[in-house]
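Hi,

Here is the structure I promised to pass on. Have a look at it first, and my notes follow below.

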Amino acid sequence: KRLIAYLLSNIGGIYAGQENYPKALEYNMRALKINEEIGEKLGIANMLTAVGDAYITLNNYPKALNCYNRSLKIAEELGYKELLAANLNGMAEIYDNQDNAAKALEYYNRALTIAEEIGNKVHILICFKDIGNLYLKQGKTTEALDYCTQSLTLSEEIGSLPLEKDACQCLYDTYKAMGNGNEALVYMEKIRVIEDSLNSKETIKKLEQMEFAKQV
């Protein structure tokens, strides 16, 4: 059953990556149920976070918040700090979407503190980007520029094109809000280049899948 839950969670992750959130929710809920049946605490916590993420995309904030709170308690019990940071960031996103800027910033900073403590660069740069976008919504462009720039630096350091694209979008929006058209165009071009690269990689992947299918 542990392996079945693991495979279900992987399928849920694939659907989430394809932005098919109803399917992601379905498979992650199935994985959660099995983990609860066998008393696998870490699996329960991980799946609660994944289910919470899916509920956010479906704009069901009460259910998402409930999942994050339940996962947070288990993560605290197990001392699993990466999951703590993920849950706090998810909760911050809910408050952000509800235009509760003060609460959102509080939770983003709590998530950032833990991410920096454990040295998780992905969580750090995501927090930087989210805080930058939050400041941008408040019209605090100087602060937004600082956080979005830090997010881009880290995304380039770890070599993640999707995260680099998000950081560039943050910088584009910030420079546009500042009325700096020249810098905004620089990041618009960077976004286009990244999208071309991502599309090229996706095309290669599909061709490789087709070739593999012929050989089977």
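To start with, does I158 count as buried, exposed or partly exposed? At 33% relative accessibility, I158 counts as partly exposed (buried is under 20% relative accessible area, exposed over 50%, partly exposed in between, with a 1.4 Å probe and protein chains only).

Before more, the ground rules. This is a predicted model, where local features need pLDDT of at least 70 and side-chain atom pairs count only at pLDDT 80 or more, while totals for chains, interfaces and linings use all residues. Residues are numbered from 1 along each chain as its sequence is written, and side-chain values use heavy atoms, with hydrogens and water left out.

Back to I158: it sits in helix α8, residues 141–158 (helices are DSSP runs of H or I, at least four residues, numbered from the N terminus). Leaving aside residues up to four places away in sequence, I158 touches K121, V122, L125 and L163, a contact being heavy atoms within 4.5 Å.

L163 belongs to the buried set in α9, which also includes C170 and Y172. Just after α9, G179 takes a positive phi of about 80°.

Cheers

How values were computed:
Helices (H or I, at least four residues) and strands (E, at least two) are DSSP runs, numbered from the N terminus.
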